[in-house]
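Trainee: Hi! I'm new to this one, could you walk me through it?
Mentor: Happy to, let's open it up.

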Amino acid sequence: MIDLLDLHTHTAASGHAYNSLYEMIRAAADRGLTLYGCSDHAPMMPGGPHFFHFINFKVVPREVYGVKVLMGAELNIMDYQGRVDLNEDVLKNLDYAIASLHTPCIRPGTRQENTSAYLNALANPYVNIIGHPDDARYPIDYEALVKGAKKYHKLLEVNSSSLHPRSVRCAGAADSYRTMLKLCMEEEVSIIVNSDAHIESDVGNHKRAFDLLEEMHFPPELVVNTSLDLLLSYIPSLEQVL
């Protein structure tokens, strides 16, 4: 399957990653990616950058080492109402935003509460992607999640890092994705595959995720990694770099 992009990556600015922005983009270039996205953690993640980090993206070139560059954020969903940790004035100037549940920022709730957190985040016009919806610590209603993504025209992520045997999310992640992907096929809901790289050697490392897609016979036309035109309808700011 064609794989042109990686939009879930972290630089040293996230506090628990290990490379600079330019090192990460160089890795994307070396692996033949067309598009690289930086999505450092938003401020409420311990060690995360101050919101000033996200208001100066105008200084970052739109192309580096021959790779198109988008600058976004991985937002922390802070409560079951889906509130996130950057305000609208900052969000509207990002190229894109991923919204995720992280244990330092929100305690795992009931299935209904966790699902509500995701659905409310999907309703946020500045959220483009739901990050790693695979964590067994946060049980959810996958049918509601997939239908919510379809309703709001948002992307659900298959996070290759979650499938790593040493990932804190690994337990149950593959089975969670099998459930989600089956529903995505039934509802014709698109997904995005991302690395969640915290080090340059993981940029574009989507093997575990693509192996799972192959196992599921998941249709390429529902994977936005295969075409920037497919991605454009979900992330309109992409037009600025094409």
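Trainee: How many residues does helix α3 have, and how far does it reach?
Mentor: Helix α3 covers residues 111-122, so to speak 12 residues, and reaches 17 Å from its first C-alpha to its last, close to the 16 Å expected at 1.5 Å a residue. The expected span is 1.5 Å times one less than the number of residues. Helices (H or I, at least four residues) and strands (E, at least two) are DSSP runs, numbered from the N terminus.

Trainee: Before we go on, what kind of model is this?
Mentor: It is a predicted model: local features need pLDDT of at least 70, side-chain atom pairs count only at pLDDT 80 or more, and totals for chains, interfaces and linings use all residues. Residues are numbered from 1 along each chain as its sequence is written, and side-chain values use heavy atoms, with hydrogens and water left out.

Trainee: Okay, back to α3. Which of its residues are buried?
Mentor: The buried residues of α3 are N114, T115, A117, Y118, A121 and L122. They sit on the same side of α3, because they cover an arc of only 150° around the axis. Buried means under 20% relative accessible area, exposed over 50%, and partly exposed in between (1.4 Å probe, protein chains only). The arc is that of the directions from the helix axis to the C-beta atoms.

Trainee: What do they pack against?
Mentor: The buried residues of α3 pack against β6 (97-100), β7 (129-130) and α4 (142-152). Contact here means heavy atoms within 4.5 Å.

Trainee: And E113, is that one buried or partly exposed?
Mentor: E113, which lies in helix α3, is partly exposed, with a relative accessible area of 26%. Not counting residues up to four places away in sequence, E113 touches Y80 and R107.

Trainee: New topic: what is the strand order in the five-stranded sheet?
Mentor: That open sheet runs β5-β6-β7-β8-β9, with parallel pairing. At its edges stand β5 (73-76) and β9 (191-194), each with a single partner strand, so one side of each has no neighbour in the sheet. Two strands pair if DSSP finds at least two bridges between them.

Trainee: How many bridges join β8 to β9?
Mentor: Four bridges join β8 (residues 155-159) to β9, and the two run parallel. N159 stands opposite N194 in β9. Helix α5 (residues 173-187) packs on the sheet, touching β8 and β9, and its direction makes about 145° with that of β8. Axes are lines fitted to C-alpha atoms, for helices over the stretch in contact, and angles run from 0 to 180 degrees between N-to-C directions.

Trainee: Which way do the β5 side chains point?
Mentor: A73 and L75 point one way from β5, E74 and N76 the other way, and all are buried. A73 stands opposite A97 in β6.

Trainee: What about the four-stranded sheet?
Mentor: This open sheet has the order β1-β2-β4-β3, with mixed pairing. Its edge strands are β1 (5-6) and β3 (63-64), each pairing on one side only. Strand β2 (residues 35-38) and strand β4 (residues 67-71) pair in the parallel sense over four bridges, and L35 stands opposite K68 in β4.

Trainee: Last one: which residues are buried in α1?
Mentor: In helix α1 (residues 21-30), L21, M24, I25, A27 and A28 are buried. They are on the same side of α1, because their arc around the axis is only 155°. What covers them includes β2, β3 and β4. Just after α1, G32 takes a positive phi of about 80°.
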